[in-house]
Amino acid sequence: MTANGNGTARAADAGGVQFVAPEKLQPNSKIYERVQNLGAFFKQQFGVDPEFYVRVPGRVNIIGEHVDYCGYSVLPMAVSQSIFLAVAKNPADSQLQLRNLEEAKFQGYDADLKTLKIELPKSGGPAWYNYFLCGIKGIQENLGSQWKSIGMRIAVDGNVPLAAGLSSSSAMVSSAVLATAHVQGKQLDRRELASISAKCEQYIGTHSGGMDQAIAYLGRVGCAHHIEFHPKLKGTPVTLPAGKCFVVANSLAQKNKAASSDYNERVVECRLATRWLAKHKGLANWQDIVRFIDLEEACQMDNETFEKLIKDNLTKWNYTRADICKELGITEQELETKFLSANTRHMEQFKLRQRALHVIQETGRVAKFRKICEQLAVRPSLEDAKKLGELMRQSHESLRELYECSHPDVERLIAISNEQQVSARVTGAGWGGCIVAMCDSVEAADAYIKALKRDYYAQLPSHLLERHQPNDFNEVVFATLPGNGAELYVQ
């Protein structure tokens, strides 16, 4: 097994089980210098060399937004931007010593793993190290009585933009899961690692659907992945059309989904819509059905039938608490305690129709996108290739109008994209963050990036210009190719 140009290795595969196999990092690797710098920082902090390194990539979702927590499939790809860890056991005791290369921005953190606690602030987002603690706790719970309080010394570096929709927080959680599992001597399947990583984000209040963690582990060079979550996690490589080039552009409008209730409000609205429709269909266990895909399966509906069910039965644009309590036959107290999450109990209005329509229609777009890609791999067609761009445009329009998770700065980027005749959409949770755009060639991508730099980035406020202009905005707008998923390597 050999490491590829990103410094990562293909997974060992035994009977369909894919493990993260340690691989020697080669000096000609693209990440070699970055890892060496992190190793030097580690030695400066702890006086010893790290025992191993972990790399977990961010991701960009090409299509399929806000559908994973409803059980539906998505089509992301791993990007080269990653979280990097340098790790060694702390042989003396059970102490966790966590240090960040950006010391001025992210202060170090120490804790005793025998008394691990994740303390969240009453307002604002979690401290950076809490994402790491989530990963440790995820492995601790997975191992149960096999868990040993082995201390760890860890140095962190990363170049995944924060709060930009490229999954920086999930990459951090996933890196902690992988590092902790390795220290514990536990070899886990990539799918199991992804599942643990998705579940343990709940410790910081995020009800993750699993897409970010799945692509973080299952990514493969040169391919996007069609990731299914039902009935079990499955990743199928999808070859993207030859010549197409994807561009990621960061609006620099940031929203931390763990610090805001917007993301969880959408989850709650989808779950309420599911139960509303399940009760209408006369399902005795309607209270237990919380994902659209489970309702679809229970009623044996196709996508078109499901869309009609929504349009016929969720007829109002806004539902009140009284509407929902009356329809579901519950009290307002039951609504708060059984149906709303801790940071959504303030909600008074619920847009069930809009959220449900987006999810079901977006699910149809994912299926169409994959099918067209598969057809193009066999028979190139300009007409079919254009359909991919149209699906991306439709996705963005739905996210803006039905899911209401765009942002004025994102819309400026979309407007410039439209002027350049480039198909683009918001990617990630939204409310700012990044867009992903599909260009017809590398040359077209270069011209598009120049237009974005001229018409958007050069017009940024002075404090952002000072930070990003010296590097010609190359960290905030860039072409990207699909990369490998999480890897663990030694020197």
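Met211, Asp212, Gln213, Ala214, Ile215, Ala216, Tyr217 and Leu218 are the buried residues of helix α5. That makes α5, which spans residues 211-218, a mostly covered helix: eight of its eight residues are buried. Keep in mind that you're looking at a predicted model.

Now zoom out a bit. The UniProt record, an unreviewed entry, puts a feature called "domain: GHMP kinase N-terminal" at residues 130-219.

Next, a pair of helices. Here's who takes part in the contact:

| Helix | Residues in the contact |
|---|---|
| α2 (residues 128-143) | Trp128, Tyr131, Phe132, Cys134, Gly135, Ile136, Ile139 |
| α3 (residues 168-183) | Ser169, Met172, Val173, Ser175, Ala176, Val177, Thr180, Ala181 |

Sorted by class, the contact of α2 with α3 has 11 nonpolar residues, four polar ones and no charged ones. How do the two axes cross? They come within 7 Å of each other, at an angle of roughly 40 degrees. Angles from 65 to 115 degrees would be roughly perpendicular and those under 35 roughly parallel, so α2 and α3 count as oblique to each other. The crossing of α2 past α3 is right-handed.

Last stop: Ser341. Where is Ser341 placed? You'll find Ser341 in the loop between α10 (332-339) and β13 (349-350). Is Ser341 buried or exposed? Its relative accessible area is 15%, and under 20% counts as buried, so Ser341 is buried. Leaving out residues up to four places away in sequence, Ser341 touches His207, Asn264 and Val268.

Methods:
Residues numbered from 1 in each chain as written. Predicted model: local features only at pLDDT ≥ 70, side-chain atom pairs only at ≥ 80, totals over all residues. Heavy atoms only, no water. Axes fitted to C-alpha atoms, helices over the stretch in contact; angles between N-to-C directions. Helix = DSSP H or I, 4+ residues; strand = E, 2+ residues; numbered from the N terminus. Parallel < 35°, antiparallel > 145°, perpendicular 65-115°, else oblique. Left-handed = near helix turned anticlockwise from the far one by under 90°. Contact = heavy atoms within 4.5 Å. Nonpolar A, V, L, I, M, F, W, Y, C, P; charged D, E, K, R; others polar. UniProt positions renumbered as here; feature names shortened; annotations may be inferred. Buried < 20%, exposed > 50% of the residue type's maximum accessible area, 1.4 Å probe, protein only.
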